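Please consult the sequence and the model alongside the text.

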Amino acid sequence: IFARLKFETSVDNDTVTVTVPTCRGDITIEEDLIEEVGRLYGYDNLPTTLPVGPSTPGHLSEYQKKRRVVRRYMEGAGLYQAVTYSLTSAEKSTQYALDKREPVELAMPMSEDRSLLRLSIVPQLLEVLKYNNARQIDSVAVYETGAVFLKNNNEELPEEREHLAAAITGLWESHPWQGEKKPVDFFVLKGIVEGLSAKLGLESQLGFQKAQLDGLHP
């Protein structure tokens, strides 16, 4: 085959030395020569072989399995998954934050509305509700699993923690034929939290306590 290609070839035991003509600048490595042989010999004439060596079957980590359980439960409960920006404004960066730290600021932000890394997912989900309500979509139920970013003074990079948040508004149930309507209230979301905790085996660790948070009813 190399003779047909006008490639000068010499064989020394198991070593084949090939001199490539200058007109074939596309052949630069050993694999290029192998491809030329296969192309002229016929790929269909080459025997089929399987890779030899140990195989590593893929699998989900325990963390990934639990995250998938959370997402399936939330969607089974009737919520849609939302994906929002991790970047936010100075006004919203600390709203509803569980861990009160100074937000991480970008060195070269594209705009003031996307200049800091979020400490909570809730403000972004409220923006989703606001966006839909402005377009006459009054009943919305969304959730998000995503990272919040906490400044770590001892490290250059912030600490990332994955949070779950949900936001529901409007009607939870609506049966026009039966004349039934059930608006969303606190107990709808409380029931979802209780059901998710039971799904994860955490119901014994779950408790509810009245709190005072800015912007939220007690």
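## R101 and its surroundings

Not counting residues up to four places away in sequence, R101 touches T94, L119, L150, K151, E159 and R161; contact here means heavy atoms within 4.5 Å. R101 is found in the loop between strand 4 (87-88) and strand 5 (116-117). Helices (H or I, at least four residues) and strands (E, at least two) are DSSP runs, numbered from the N terminus.

With a relative accessible area of 26%, R101 is partly exposed. The classes used are buried for under 20% relative accessible area, exposed for over 50%, and partly exposed in between (1.4 Å probe, protein chains only). One of the contacts of R101, L119, is 18 residues away in sequence, and the two residues are 8.1 Å apart in space, C-alpha to C-alpha.

## Basis of the model

The structure is a predicted model, in which local features need pLDDT of at least 70 and side-chain atom pairs count only at pLDDT 80 or more, while totals for chains, interfaces and linings use all residues. Residues are numbered from 1 along each chain as its sequence is written, and side-chain values use heavy atoms, with hydrogens and water left out.

## Overall architecture

The protein chain has four helices and nine strands. Their order along the sequence is β-β-α-α-β-β-β-α-β-β-β-β-α. Of the contacts in the protein chain with a separation of 6 or more, 54% are accounted for by residues 24 or more positions apart.

The radius of gyration of the protein chain, taken over C-alpha atoms, is 30 Å, whereas a compact globule of 218 residues would have a value near 17 Å. The globule rule is 2.2 Å times the number of residues to the power 0.38. Along its principal axes, the C-alpha trace of the protein chain spans about 85 × 50 × 40 Å.

## Surface and charge

The accessible surface of the protein chain comes to about 16,700 Å², and 53% of this surface belongs to carbon and sulfur atoms. Accessible areas come from the Shrake-Rupley method with a 1.4 Å probe; for residues, only the protein chains shown count as cover. Buried residues make up 23% of the 218 residues in the protein chain.

There are 24 positive and 32 negative side chains in the protein chain, and the centres of the two sets lie 8 Å apart. Lys and Arg count as positive and Asp and Glu as negative, while His and the chain ends are not counted. The place of a charge is taken as NZ of Lys, CZ of Arg, CG of Asp or CD of Glu.

## Nonpolar cores

The largest nonpolar core consists of ten residues: A82, I121, L125, V128, L129, V140, V142, V148, A165 and A167. At least two residues of this core come from each of helix 3 (122-133), strand 6 (140-150) and strand 7 (159-169). A second, separate core has nine residues, including V70, I168, I192 and L196. A nonpolar core is a set of buried Ala, Val, Leu, Ile, Met, Phe, Trp, Tyr and Cys residues joined through side-chain atoms within 4.5 Å. In soluble globular proteins, nonpolar side chains tend to be buried together.

V142, a member of the largest core, lies in strand 6. Its relative accessible area is 8%, so V142 is buried. Leaving aside neighbours within four places in sequence, V142 is in contact with L79, Y80, A82, L125, V128, L129, A165, A166 and A167. The C-alpha atoms of V142 and L206, 64 residues apart along the chain, are separated by 22 Å.

N132 is found in helix 3. Because its relative accessibility is 19%, N132 counts as buried. Beyond residues up to four places away in sequence, N132 touches I137 and V140.

V188 lies in helix 4 (residues 186-199) and is buried, with a relative accessible area of 9%. Not counting residues up to four places away in sequence, V188 touches I168, W172 and K182. V188 and W172 are 16 residues apart in sequence and 8.0 Å apart in space, C-alpha to C-alpha.

## Residues with positive phi

K6 has a phi near 65 degrees, a positive value in a residue other than glycine. K6 lies in the segment before strand 1 (8-12) and counts as exposed at 68% relative accessibility.

Q136, which is not a glycine, has a positive phi of about 60 degrees. Q136 is placed in the loop between helix 3 and strand 6. At 65% relative accessibility, Q136 counts as exposed.
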